[in-house]
Every structure is written in structure tokens, then in C-alpha cells.
Amino acid sequence: MSARAAHVWLVLALSGCTMNWDALEPTGAPPPGSAGAGGGAHGGSGGAAGSSVAGAAGKAGGAGAAGDAGAAGDAGAAGDAGAAGAGGDATGGAAGSSAVMCPEPGAVVDPATGHCYFVLPGPERGWMSASDACAALAPPAHLATITSQGEQDALATLSLQQSAWIGLSGPPGALAWVTGEPLGFTAWAPSQPNSSGPACVRVESGSKLWGDDSCNKPRDSICERE
């Protein structure tokens, strides 16, 4: 109620007169003392406040599975077999022992070892000079060492004009090969060896059997290349 209306109401109350209250109040105002429609003077309660808690973080993903191993590569092709040495046969490549190069005329090859034997070119020499001459060849060689029946058989096919040195020398009972190989196999001619002092060994031109002689005597020599 406005202050003016309250004053008028008070005057009228005291005088016993009635009053049209609607005419004194502004349009839409309720009569004095009456509650507003809906009964309660209190406003409605507000909505609940929203939660401010952040959501929980997601779990990390698991590790990926290991990849499969790659397939093995193909094996390389086998190499070609080596060619047989000049003057020899082809037994080296197929059988596993490679024949060496022997360009000297008349050289023969032991098929079991691939070693070749040939007469040392040039003049006749004493045993020590012949040993040095075999070593000086290209490729190098040495005076022949005969350590098996197979090597003796190969040597027997070599053409000789006279007896020739091989690589065996030393005092009686202590002969040794020039290569240091042990002396086991021998092919002595009858009544050989017969030297009383240091000697060197030769092979006979026909039988290819062995005999000893003075190391200084010049003669042909048989070299071996392996």
C-alpha cells in the first residue's frame, strides 16, 4: 500500500466510512493484508548447482604385439670348380685335390695328391745346387720327396735319360727329406744304400729304384711342385 492510500484509509476508518480500495491502488496491486496468489511469500528455490569435479583420466592402451620374423634369404649358388693345372689331368677339380701348374715339358701328376714331378731344366748339377735351382723356379718347387707307393708309381712314369737326384740326403741311418717330412716309405735298389758317409739319393733311369751317391756328383734332378 502506498503512503497516500494508507493515509486516506486511516481517515476513513476513523470516520466510519467505507472506501473502494481498488480505486486508490494502482492497477494489479492486491488489497492490504492479502497474500499473493499461490499463498507463499517466498520465492521458489533455485536448481541444484552442477558438479565441478573433473572426469577420471582414461587408461593407457596396451603395447602392440611383436611382428613376425622375416623369412631367411636363399642360399648363394656354389662356385665353379677350378681348372686343372697345365700338364696335369682334371682329377683335381672333381676329387677335391687341385692340380698345380707344371708347364715344364714331360711333367707328370700324381692323381691322388695333385703334385707334379718334372726333370729340372738346364745343366747337370750337384745335389745342393739342384735343390737351390728347384726352389728358384716360378712357381717354386723342391727336389722330389717320395713318401708313398702312389708317389713312387707316379714318379715311375717320368721319362729319364739318366739317374737323377731326389730330395733325400744325410749320413747313414739318418737320411732326411729336404721338406722335413719323416722317412717312412723307401724304394731302395738291391744292395742300397751302401755309402759309409754322408750321401745324397738318386733314382735310376730305368727301374726308378733308389741308390745313394756322392752329393757333389753332377747329374739330372727331379723337382716336385705341390
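Student: In this predicted model, which residue of S7 stands opposite Val201?

Tutor: Asp212 in S7 is the residue facing Val201.

Student: What makes S6 and S7 a pair of strands?

Tutor: Pairing takes at least two bridges found by DSSP, and S6 and S7 are joined by four. The two strands therefore count as paired, and they run antiparallel. Six residues lie between them in the hairpin, where Lys208 takes a positive phi near 65 degrees.

Student: Which residues of S7 point which way, and are they buried or exposed?

Tutor: Trp210 and Asp212 point one way, Gly211 and Asp213 the other, and all are buried.

Student: Why is the pair of Trp177 and Trp210 called edge-to-face?

Tutor: Rings pair if their centres lie within 6.5 Å, and planes over 60 degrees apart count as edge-to-face. The centres of the Trp177 and Trp210 rings are 5.7 Å apart and their planes are at 85 degrees, so this pair is edge-to-face. Trp177 lies in strand S5 and Trp210 in strand S7, so the pair ties together parts 33 residues apart in sequence.

Student: What makes Phe185 and Trp210 an edge-to-face pair?

Tutor: Their ring centres are 6.2 Å apart, within the 6.5 Å limit. Their planes stand at 80 degrees, over the 60 needed, so this pair is edge-to-face too. Phe185 lies in the loop between S5 and S6, so the pair ties together parts 25 residues apart in sequence. Ring pairs link Trp177, Phe185, Trp188 and Trp210 into a cluster.

Student: How do you know that the charged end of Arg219 sits over the ring of Trp165?

Tutor: The distance limit is 6 Å from CZ of Arg to the ring centre, with a direction within 35 degrees of the ring normal. The charged end of Arg219 is 4.6 Å from the centre of the Trp165 ring and is listed as sitting over that ring.

Student: Why do we say that the buried residues of H5 line one face of the helix?

Tutor: Those residues are Glu151, Gln152, Ala154 and Leu155. Seen down the axis of H5, they fall within an arc of 160 degrees, so they line one face. What covers them includes strands S6 and S7.

Definitions and conventions
Residues are numbered from 1 along each chain as its sequence is written. This is a predicted model: local features need pLDDT of at least 70, side-chain atom pairs count only at pLDDT 80 or more; totals for chains, interfaces and linings use all residues. Side-chain values use heavy atoms; hydrogens and water are left out. Buried means under 20% relative accessible area, exposed over 50%, partly exposed in between (1.4 Å probe, protein chains only). The arc is that of the directions from the helix axis to the C-beta atoms. Contact means heavy atoms within 4.5 Å. Rings of Phe, Tyr and Trp (its six-membered ring) pair if their centres lie within 6.5 Å; planes under 30 degrees apart count as stacked, over 60 as edge-to-face and the rest as tilted.
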